[in-house]
Amino acid sequence: MRNEYAADRGLSEADLAGDWHAQFARWFADAVAFGLPEPNAMVVGTADAAGRPSGRTVLLKGYSPDGFVFFTNHASRKGTEAAANPYASLVFPWFPMQRQVVVAGTVQEVPRAETEAYFATRPRASQLGAWASPQSQVIPDRATLEERFREAAERFA
């Protein structure tokens, strides 16, 4: 399976902004204007201490000259891998636009206050799900997860 891509979609240095942040802002705005569903969806690649890679899709929550921001449970696979091996890659697969953006760099925790401010913006069910779900862990069955969700709802009424 292969699509034929438009020949007029070249990229030259003259088309680029002076720094990565301005360039990403331009391209991100293009993705939003294009109407892509969830243009902030990105594939995050991490590797454990032994170098075994893994990837998953998460949502970009912000970016600045300091870097890109996403949130994760520290006990999740990506959280434990980032702690053991603080390097990651991001891929924004904007295929309908015939573009993808690839980023690589170090991973750093954001300040606790920023994490708490973000968590407060999440919908209630999403917050409860975060408390209920043992990220990246095997659970016996769906009923266990639903019971943990009910317990979190009672605990954080």
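How many salt bridges does the rule give here? The count comes to 6. A salt bridge is a side-chain nitrogen of Lys or Arg within 4 Å of a carboxyl oxygen of Asp or Glu.

The model is predicted, so local features need pLDDT of at least 70 and side-chain atom pairs count only at pLDDT 80 or more, while totals for chains, interfaces and linings use all residues. Residues are numbered from 1 along each chain as its sequence is written, and side-chain values use heavy atoms, with hydrogens and water left out.

## Salt bridges

The table lists some of these bridges.

| Pair | Closest N and O atoms |
|---|---|
| D30 and R99 | 3.5 Å |
| R56 and E81 | 3.5 Å |
| R150 and E147 | 3.0 Å |

Take the D30 and R99 bridge. D30 lies in helix α1 (residues 20–34) and R99 in strand β6 (residues 99–106), so the pair ties together parts that are 69 residues apart in sequence. Helices (H or I, at least four residues) and strands (E, at least two) are DSSP runs, numbered from the N terminus. D30 is partly exposed, at 34% relative accessibility. R99 is buried, at 19%. Buried means under 20% relative accessible area, exposed means over 50%, and partly exposed is in between (1.4 Å probe, protein chains only).

R56 pairs with E81. R56 sits in strand β2 (residues 53–59) and E81 in helix α2 (residues 77–84), so the bridge ties together parts that are 25 residues apart in sequence. R56 is buried at 15% relative accessibility. E81 is buried too, at 7%.

R150 is partly exposed at 43%, and E147 is partly exposed at 34%.

## The core and its rings

In soluble globular proteins, nonpolar side chains tend to be buried together. A nonpolar core is a set of buried Ala, Val, Leu, Ile, Met, Phe, Trp, Tyr and Cys residues joined through side-chain atoms within 4.5 Å. The largest one here has 15 residues. Those with the most contacts inside it include F24, L60, F92 and V101. Two or more residues each come from α1, β1 (41–47), β5 (87–94) and β6. Helix α1 gives the largest share, 4 residues.

What does F24 touch? Leaving out residues up to four places away in sequence, F24 touches L60, Y63, F68, F92, W94 and V101. Contact means heavy atoms within 4.5 Å.

The whole structure holds 14 aromatic pairs. Rings of Phe, Tyr and Trp (its six-membered ring) pair if their centres lie within 6.5 Å; planes under 30 degrees apart count as stacked, over 60 as edge-to-face and the rest as tilted. F24 and F92 have ring centres 5.0 Å apart and planes at 55 degrees, so this pair is tilted. F24 is in helix α1 and F92 in strand β5, 68 residues apart. Both F24 and F92 are buried. F68 and F92 are also tilted, because their planes stand at 45 degrees, with centres 6.0 Å apart. F92 itself has 0% relative accessibility. Ring pairs link W20, F24, F28, Y63, F68, F92 and W94 into a cluster.

## Helix α4

In helix α4 (residues 124–132), Q127, L128 and A132 are buried. They cover an arc of only 135 degrees around the axis, which puts them on the same side of α4. The arc is that of the directions from the helix axis to the C-beta atoms. Their cover includes α3 (112–121) and α5 (142–155).
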